Amino acid sequence: MTLKVYNVMTRQKQEFKSLTPGVVKMYACGITVSADAHIGHAYQSVAFDVITRYLRYRGYDVRYVRNYTDVDDKIIANANAVGVDPIEFAEKNIVKTDAEMAALGNENPTIMARATHCIDDIIAFVQKLIDSGHAYASEFGDVYFKLDSFPQYGKLSHIQTNKNETGVRKSVEPGKLNDGDFALWKSAKPGEVSWPSPWGAGRPGWHIECSAMNMKYLGEQIDIHGGGRDLVFPHHENEIAQTEALTGKTFAQYWVHCGLVKVNGQKMSKSLGNGILLQDVLAKYDADVIRFALLRNTYSTDIDITDNFFPDAVRHIYKMYSVIRDVNARTFDNVNSDKTAEMIGKIVSEFETSMDDNFNTSGVTASLFSWFNFITAELAKKNTEYDLRAIVAKIVELMSVLNVLQFDPSDYIASAQNKILAANGVSESEIESAIASRASAKANKDWVTADAIRNEMATRGIVFRDGPNGTTWDVVL
Ligand SMILES: [Zn+2]
């Protein structure tokens with residue numbers, strides 16, 4: 001089987017071949033920590049986390065670098081607005097975002113790079129671009145990339161820029177020779193956070209940090225460069241220009257971009273006030289639910305967070321854990337090992353076929369439903385021929401790639417139930433005494449009271465199930 005990856009550079013799904021056999025070097029542009037992380041950041045970070053996990057499942061040694069942009073105009077403005085030092089402001093946001101990413105079930109990237117930790121590398125990179133004629137310093141202490149020195153500019157986004165046209169905007173940035181030239185180094189305004197450089201005190205432009213960090217941590221050429229689709233132009237186009245102008249080599253073999261997030265059909269934006277912060281989602285839902293909801297979409301598609309987006313996932317995840325728990329509580333004595341092995345083979349093959357098709361997690365989650373339908377149907381039989389425990393164990397093992405269904409099912413169910421009981425204002429002892437009262441009402445043939453008790457609990461989100469060993473209860477989702 002062959003892994004195929006959609007390469008935004010070629011606009012095609014291509015067979016994945018790493019530069020060095022068995023090794024993958026991947027970089028994904030991370031968060032600019034000017035504010036709290038939102039659900040779009042979650043979508044992207046989960047996508048690259050799963051891509052990393054699947055490449056490892058496929059046997060690759062993955063070196064995954066993700067950066068934090070911890071100095072830029074917005075960070076400075078937002079820090080100033082609350083009277084905090086911008087470096088401290090960024091630091092605080094990084095600590096918070098790290099914790100949220102962990103709570104989301106993301107494994108730490110191999111290297112978590114930060115712009116302010118790479119200033120020397122950035123300055124050295126900019127100097128090399130000046131020395132090779134691809135950049136120039138203005139008399140005001142800014143350094144610009146000379147766009148007309150890189151004729152392939154636009155090859156990723158297919159956007160044609162007017163490289164040499166002089167325009168009215170030129171006057172906005174004094175010292176810039178051509179409109180398309182972009183800043184590599186920005187001179188510091190009075191009182192602004194800055195670092196010394198050969199061009200005076202200043203700070204790096206946004207684009208150069210990623211070129212410099214790629215070079216520092218991964219070298220001149222990498223396998224996969226990722227980020228959100230909104231970064232294709234100009235950010236990634238500029239990264240390509242900076243790096244390839246210097247090395248003369250293809251920078252990234254595959255450009256992989258994550259889709260964007262809408263909320264109830266509308267673009268998430270500050271002005272609409274419809275942004276969803278990651279901290280608010282994490283306060284309501286656990287990592288399994290959030291990841292499953294996101295991964296029902298393949299990373300490259302846009303997602304629309306409707307009112308049912310997470311509640312649907314709550315139901316599905318709860319149901320799957322319940323089935324796993326029920327399977328693990330049973331013994332299977334009538335097992336046909338050939339049939340079981342065949343089913344496991346089918347499951348593994350469906351999983352790999354989907355994931356090999358550009359990390360199609362949407363396909364995986366669709367398969368997951370059909371596997372669980374199968375298990376539920378077999379479990380309902382008195383004597384199934386399948387070793388459902390072995391099948392479930394394999395599914396759980398495969399789902400470590402999505403990092404869902406990895407909790408102990410009984411623990412997960414107990415904690416999910418507790419949340420719902422708390423939300424509905426009902427306690428376990430109340431439920432138990434309701435079950436007892438209903439049993440005695442039934443014993444007295446007082447069906448009206450028995451039904452009233454059942455209905456009352458139903459309005460509070462509790463369902464009773466009568467079985468040969470008495471009545472059990474569950475939550476209604
Ligand atoms: Zn970047």
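A residue counts as buried if 20 or more other C-beta atoms lie within 10 Å of its own, as exposed if 12 or fewer do, and as partly exposed in between, with C-beta atoms placed from the backbone. Lys-339 is partly exposed by this rule, because 13 other C-beta atoms lie within 10 Å.

This is a predicted model, in which local features need pLDDT of at least 70 and side-chain atom pairs count only at pLDDT 80 or more, while totals for chains, interfaces and linings use all residues. Residues are numbered from 1 along each chain as its sequence is written.

## The chain as a whole

The chain has 477 residues, and 40% of them are buried. Its C-alpha trace spans about 95 × 55 × 35 Å along the principal axes. The secondary structure comes to 15 helices and 16 strands. Helices (H or I, at least four residues) and strands (E, at least two) are DSSP runs, numbered from the N terminus. Two residues are in contact if their C-beta atoms, placed from the backbone, lie within 7 Å. Of the contacts in the chain with a separation of 6 or more, 72% are between residues 24 or more positions apart.

Two strands pair if DSSP finds at least two bridges between them. Five strands form an open sheet with parallel pairing, in the order E5-E4-E3-E10-E11. Strand E5 (111-114) and E11 each have a single partner strand, so one side of each is left without a neighbour in the sheet. Direction ignored, neighbouring strands of this sheet are turned by 20° against each other on average.

Strand E4 (residues 61-69) is mostly covered, with seven of its nine residues buried. Eight bridges link E4 in the parallel sense to strand E3 (residues 23-32), and Lys-25 stands opposite Arg-63 in E4. E4 is also joined to E5 by four bridges, again running parallel. Here Val-65 stands opposite Ile-111 in E5. In a regular strand the side chains alternate between the two faces of the sheet.

## The antiparallel sheet

A further open sheet has four strands in the order E6-E7-E8-E9, with antiparallel pairing. Its edge strands, E6 (135-137) and E9 (202-204), each pair on one side only. The twist averages 20° from one strand to the next. Three bridges join E6 to strand E7 (residues 143-145), and the bridge partner of Tyr-136 in E7 is Tyr-144.

Which residues of helix H6 (residues 232-247) are buried? They are His-236, Glu-237, Asn-238, Glu-239, Ile-240, Ala-241, Gln-242, Thr-243, Glu-244 and Ala-245. Among the elements that cover them are helix H4 (119-131), E7, strand E8 (182-187), helix H5 (206-218), strand E10 (222-228) and strand E11 (252-258). Just after H6, Gly-248 takes a positive phi of about 70°.

Axes are lines fitted to C-alpha atoms, for helices over the stretch in contact, and angles run from 0 to 180 degrees between N-to-C directions.

| Helix pair | Axis separation | Angle |
|---|---|---|
| H5 and H6 | 9 Å | about 55° |
| H9 and H12 | within 9 Å | roughly 140° |

Angles under 35 degrees count as roughly parallel, over 145 as roughly antiparallel, 65 to 115 as roughly perpendicular and the rest as oblique. H5 and H6 are therefore oblique to each other, and H9 and H12 are oblique as well. A crossing is left-handed if the near helix is turned anticlockwise from the far one by less than a right angle, and right-handed if clockwise.

H5 passes H6 in a right-handed crossing. The H5 side of the contact consists of Trp-206, His-207, Ile-208, Cys-210, Ser-211 and Asn-214, and the H6 side of His-235, Asn-238, Glu-239, Gln-242 and Thr-243. By class, these are three nonpolar, seven polar and one charged residues. Ala, Val, Leu, Ile, Met, Phe, Trp, Tyr, Cys and Pro count as nonpolar, Asp, Glu, Lys and Arg as charged, and the others, Gly among them, as polar.

The crossing of H9 (residues 309-328) with H12 (residues 388-398) is left-handed. In this contact Ile-324, Val-327 and Asn-328 of H9 meet Leu-388, Arg-389, Val-392 and Val-396 of H12. Five of these residues are nonpolar, one is polar and one is charged.

## Lys-339 again

Lys-339 lies in helix H10 (residues 337-356). Residues up to four places away in sequence aside, Lys-339 touches Glu-385 and Tyr-386.
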